[in-house]
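Have the model open while you read.

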Amino acid sequence: MRARKPGPLYRRVVWWLLGYLALLSLAVFSVGNYVHEHAEHAAWRALLNSELDSILEHTRHEPDYHWQDSDTLSLYRFGQPGLPESVRTLHPGLHDGVLIDDRETAVMVRDTAALGRVALALDITDFHDLEQFATRWVMLAGIIMIFVTVMMASFGMERMVRPLSLLARNIGALRPGEQGQRIDVDPRGSSELHTIADALNDYLDRNEQFVERERVFISTASHELRTPIAVVTGAAELALEQPGLPERARQQMQRVLRTAQGVEELIELLLVLARDPARLSSRAERIALDQLLPEIVDDHRHLLGDKDLSIGIQAAAVDIVAPLAVVQAAIGNLLRNAIENSGRGHIALILDAQAVLTLQDPGHGMSPEEIAAIHARLARGERADRGGIGLELIARLCEHLGWTLQFQPCEPRGTRVTLDFAASRPA
């Protein structure tokens with residue numbers, strides 16, 4: 001199952017900020033509402049107690065004193081006519097939100113010596129309407145504040161992260177082996193991004209120096225090895241021309257000659273890999289691939305030895321533009337690998353009109369797991385178990401020239417190798 005790709009960083013930050021603002025607003029609103037309710041109750045209690053104290057004081061000093069209700073304050077005596085039903089069951093103390101004649105009131109109930117149990121009601125309907133109006137506007141202002149903050153944060157975070165996205169895009173555009181590559185940072189980028197870009201550019205410089213040293217070393221070592229290999233090859237050829245050479249010695253000298261020629265082929269591959277792709281392309285020439293195949297097969301027939309193996313060619317007339325030595329080395333290496341890993345049967349080389357060469361051997365064959373392991377090793381640049389260093393170099397050459405190399409198992413046994421030269425066909 002494919003792993004889910006994580007979302008952008010700025011979006012995560014915005015969501016966290018939205019959650020934080022929502023929790024903060026909820027906490028502030030809850031605390032504010034709690035403080036407001038307590039302050040409101042304290043105000044009602046102080047006001048009603050003050051009014052009740054004033055009424056009781058007047059009653060004590062003026063026996064004929066009679067309280068007159070106002071628009072907002074009403075005095076009720078328990079056991080007297082006109083006591084609202086909603087007040088009858090109230091116990092002594094402050095009661096908020098009591099409905100009297102469909103009006104919301106705050107009622108203070110107190111037991112007195114002069115008047116018995118009394119209730120002083122304050123009409124707070126208008127105040128509660130104003131309170132609800134203020135609450136709605138505060139909530140609306142809070143929502144608008146959160147929305148504006150999130151929008152500004154989203155815009156700001158996107159602008160802040162954009163240079164990082166451009167930096168990642170520039171890093172993704174780097175091509176392995178290409179010289180003079182550099183990472184540029186958007187002028188709006190932060191100092192941290194410039195630090196990262198400077199570190200990457202420094203790494204690119206050191207990597208280019210390392211690659212150049214490796215290229216020079218491979219090229220120098222390969223040229224230096226050519227001389228002793230040429231001496232060994234010449235000596236082996238000269239020895240084979242001597243009359244009366246014992247058969248056992250002739251077999252050993254032929255083995256020496258074949259080994260020297262194989263090493264010379266590997267040196268040629270190393271030299272090719274040490275060059276830049278542009279220099280490699282400059283060595284390309286037009287090649288009649290259908291005519292080259294028989295020559296390559298003849299050069300490798302000695303590897304058959306006493307094996308019960310045959311090699312057949314079925315080739316369409318195809319021309320490609322590529323370095324001749326590389327084509328010879330690539331096909332020859334694959335053919336040698338097929339011969340060495342086959343005991344008996346027929347090795348078929350088929351070249352179609354699309355410049356796709358198929359080489360099928362009857363040998364031990366490879367399972368899909370073994371083929372997948374070979375592809376994985378080649379992708380990691382490791383040495384393959386089958387085919388030696390030549391197979392790895394062939395894969396590297398195909399990558400340089402745009403060719404496609406594939407391995408497939410055959411039923412009931414054997415291996416099919418497909419080498420696609422389509423990228424080198426002339427336009």
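## The mixed sheet

Strand 6 and strand 8 (residues 344-351) run parallel and are joined by 8 bridges. If you want a spot to look at, S310 has H346 in strand 8 as its bridge partner. Keep in mind that this is a predicted model.

Zoom out, and you have an open sheet of 5 strands, in the order 6-8-9-11-10, with mixed pairing. Strand 6 (308-315) and strand 10 take the edges with a single partner strand each, so each has one side left without a neighbour in the sheet. On average, neighbouring strands here are turned by 10° against each other, ignoring direction.

## Helices on the mixed sheet

Helix 7 (residues 289-299) lies across strand 6, strand 8 and strand 9 (356-361). Its direction is at about 170° to strand 6. Helix 8 (residues 324-340) also packs on this sheet, where it touches strand 6, strand 8, strand 9, strand 10 and strand 11.

Now for the open sheet with 4 strands: the order is 1-4-3-2 and the pairing is antiparallel. Which strands stand at the edges? They are strand 1 (73-77) and strand 2 (93-100); each has a single partner strand, so one side of each goes without a neighbour in the sheet.

Strand 1 pairs with strand 4 (residues 116-123) in the antiparallel sense, over 5 bridges. Along that pairing, L73 stands opposite L122 in strand 4. Helix 3 packs on the sheet and touches strand 2, strand 3 (103-112) and strand 4. The direction of helix 3 makes about 130° with that of strand 3.

## Rings and a charge

The structure has 3 aromatic pairs. One of them is W44 with F127: the ring centres are 5.2 Å apart and the planes sit at 80°, so it counts as edge-to-face. W44 belongs to helix 1 (residues 9-61) and F127 to helix 3 (residues 125-172), so the pair ties together parts that are 83 residues apart in sequence. Is W44 buried or exposed? With a relative accessible area of 10%, W44 is buried, while F127, at 34% relative accessibility, is partly exposed.

W403 and F421 make another edge-to-face pair, because their planes are at 70° and their ring centres 4.7 Å apart. W403 is in the loop between helix 10 (388-401) and strand 10 (404-409), and F421 is in the segment after strand 11 (415-420), so this pair ties together parts that are 18 residues apart in sequence. Both W403 and F421 are buried.

R117 lies over the face of F78, 5.7 Å from the ring centre.

## A stop at I218

Last, head over to helix 4 (residues 191-241), where you'll find I218. I218 has a relative accessible area of 26%, so it is partly exposed. I218 and I267 are 49 residues apart in sequence, and their C-alpha atoms are 9.2 Å apart in space.

Terms used:
Residues are numbered from 1 along each chain as its sequence is written. This is a predicted model: local features need pLDDT of at least 70, side-chain atom pairs count only at pLDDT 80 or more; totals for chains, interfaces and linings use all residues. Side-chain values use heavy atoms; hydrogens and water are left out. Helices (H or I, at least four residues) and strands (E, at least two) are DSSP runs, numbered from the N terminus. Buried means under 20% relative accessible area, exposed over 50%, partly exposed in between (1.4 Å probe, protein chains only). Rings of Phe, Tyr and Trp (its six-membered ring) pair if their centres lie within 6.5 Å; planes under 30 degrees apart count as stacked, over 60 as edge-to-face and the rest as tilted. A charge sits over a ring if NZ of Lys or CZ of Arg is within 6 Å of the ring centre and within 35 degrees of the ring normal. Two strands pair if DSSP finds at least two bridges between them. Contact means heavy atoms within 4.5 Å. Axes are lines fitted to C-alpha atoms, for helices over the stretch in contact, and angles run from 0 to 180 degrees between N-to-C directions.
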